[in-house]
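I opened the model to look up a few local features. My entries follow the order in which I checked them.

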Amino acid sequence: MLPARHRMRRRADFTTSVQSGRRGSARRVVVHVAVGASAEPCTVGFVVSRAVGGAVDRNLVKRRLRGLMASRVVALPDGARIVVRALPAAAGAKADVLARDLDQALRVATRVGTTR
RNA sequence: UGAGUCGGCCAGGCGGUCGCGUCGGGCGGGUCAUCAGACCCGACCCGCCGAGGAACGUCCGGGCUCCGUAGGGCAGGGUGGUGGGUAACACCCACCCGGGGUGACCCGCGGGACAGUGCCACAGAAAGCAGACCGCCGGGCCUGGGCAACCAGACCCGGUAAGGGUGAAACGGUGGUGCAAGAGACCACCAGCGCAUCGGGUGACCGGUGCGGCUAGGUAAACCCCACCUGGAGCAAGGCCAGACAGGGAGCGUUUGAGGGCUGCCCGCCCGAGCUCCCGGGUAGGCCGCUGGAGGCGUGCGGCAACGCACGUCGUAGAUGGAUGGCCGCCACCGGUGCGCAAGCACCGGGACAGAACCCGGCGUAUCGGCCGACUCAUCCG
């Protein structure tokens with residue numbers, strides 16, 4: 001599971017990440033990454049709206065995504081603000097399927113030097 | 001053995017690995033302190049515990065918190081057989097009444113329709129106070145037949161609710177007397193209603209006797225009437241700490257009282273110097289509340305039961321972008337396919353409904369399947 005120091009818990013972090021971060025999307029997830037200058041460890045937040053399903057399904061999707069991100073935070077730069085947003089297609093998806101989408105979206109969002 | 005009724009329980013298990021949250025301990029750090037130590041922080045280590053029977057819907061009832069007190073009347077809202085249980089209830093138990101079932105049992109939005117008003121579709125002649133379509137009977141007149149008595153038919157006037165037909169429902173039922181034909185017009189019994197009275201029951205109510213006039217529809221989840229209950233808002237309650245900003249304008253008012261006392265109106269009581277609107281600006285962090293409670297389990301006693309009392313015993317989630325999990329394996333369970341005479345083996349698939357957010361008691365709804373107990377009916381054997 002995701003260590004506590006990597007968890008995003010402030011509203012402002014969510015807002016800046018979603019509004020000003022680079023976006024990478026796949027069929028089931030969208031990833032926002034805002035690169036910050038601070039030396040603090042990167043933080044990851046999750047957004048799973050009601051469109052995904054009931055409380056049980058949303059919890060399951062969030063836990064799977066959190067479990068997958070736990071092994072990926074080490075590769076991400078310090079100070080980054082990352083928000084993983086689940087799309088309705090993520091409901092009921094197995095972990096390996098989510099992992100493919102997640103990696104694809106992360107690759108786009110973290111590509112350096114392609115800012116327009 | 002088959003069909004069925006009621007009640008209770010469970011919500012796959014074990015392991016590996018990577019992790020999360022609360023709490024406790026260790027270790028490390030910080031602040032204070034002469035020391036002893038106290039408090040705070042931690043991304044490290046160890047340990048305990050960590051979703052449900054519905055956690056759900058938020059439909060009722062409470063606890064708790066705040067509104068100074070929670071007063072009277074009206075309105076509004078709720079409840080609706082009786083007795084009990086309970087903190088309380090719209091819940092639960094027992095009983096009564098009505099309906100269904102061979103039965104175990106089940107169902108009931110179960111006060112009042114002689115206070116008033118409204119409504120009763122379709123069908124039917126007529127639907128609330130009556131009502132003649134066919135029929136039956138009497139009279140008149142005409143036509144036809146007959147010597148005549150009379151018979152048949154058309155029309156008109158009247159009598160009749162027994163028969164036909166319509167309907168969920170047609171102003172009691174059966175038998176008789178009676179009559180032109182009929183009718184509670186009268187009689188007997190039965191059903192129903194009212195009054196009186198006796199017996200049983202705490203009571204709803206049940207049973208009996210006598211008399212009366214003989215008959216009076218349903219609907220209150222239509223308005224309404226009656227009895228009883230009901231102050232409001234809700235943990236985003238409420239409190240503490242930290243932090244930010246920038247004020248300006250208009251109106252009303254300070255004992256001749258603005259505004260407020262959190263659904264509306266009136267009265268009473270009370271607080272009271274600010275309140276309302278517009279433009280502009282700022283914040284939206286942390287802590288407490290926060291889990292030991294009408295608590296679970298066991299035994300005994302009281303009670304038909306719901307439940308109560310006594311004793312013993314257990315310690316059982318507290319998140320806040322929101323922990324209780326992700327991945328993998330094995331064993332059981334269910335379904336399918338193939339092989340096999342069979343026991344079985346192999347492969348594939350399946351495991352529902354659903355996630356605490358202040359806490360309880362209920363109700364309602366969702367749910368793959370499994371287990372246990374009591375009882376009923378039918379059949380077979382003894």
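I started with arginine 28, which sits in the loop between strand 1 and strand 2; helices (H or I, at least four residues) and strands (E, at least two) are DSSP runs numbered from the N terminus. The model is predicted: local features need pLDDT of at least 70, side-chain atom pairs count only at pLDDT 80 or more, and totals for chains, interfaces and linings use all residues. Residues are numbered from 1 along each chain as its sequence is written, chains are lettered from A and ligands numbered from 1 in the order in which they are written, and side-chain values use heavy atoms, with hydrogens and water left out.

Is arginine 28 buried or exposed? I noted it as buried because its relative accessibility is 16%; buried means under 20% relative accessible area, exposed over 50%, and partly exposed in between (1.4 Å probe, protein chains only). I then listed its contacts (heavy atoms within 4.5 Å). Not counting residues up to four places away in sequence, arginine 28 touches Arg85, Ala86, Leu87, Ala89, Ala90, Ala93, Val97, Leu98 and Asp101.

Next I took the strands on either side of that loop. A hairpin of three residues joins strand 1 to strand 2. Strand 1 (residues 22-25) and strand 2 (residues 29-34) pair in the antiparallel sense over four bridges; two strands pair if DSSP finds at least two bridges between them. Arginine 22 has valine 33 as its bridge partner, and glycine 24 stands opposite valine 31.

Strand 2 also pairs with strand 4, in the antiparallel sense, over six bridges. There I found valine 30 bridged to arginine 85.

How many residues of strand 2 are buried? I counted six of its six. In a regular strand the side chains alternate between the two faces of the sheet. Here one side has Val29, Val31 and Val33 and the other has Val30, His32 and Ala34, all buried.

I moved on to helix 3 (residues 95-110), whose buried residues are Leu98, Ala99, Asp101, Leu102, Ala105, Leu106 and Ala109. Their cover includes strand 1, strand 2, helix 2 (55-70) and strand 4 (81-86).

Last, I checked valine 52, in the loop between strand 3 (43-48) and helix 2. Valine 52 counts as buried because its relative accessible area is 7%. Its C-alpha atom is 5.7 Å from that of alanine 91, 39 residues apart along the chain. Leaving aside neighbours within four places in sequence, valine 52 contacts Arg58, Val61, Ala86, Leu87, Pro88 and Ala91.
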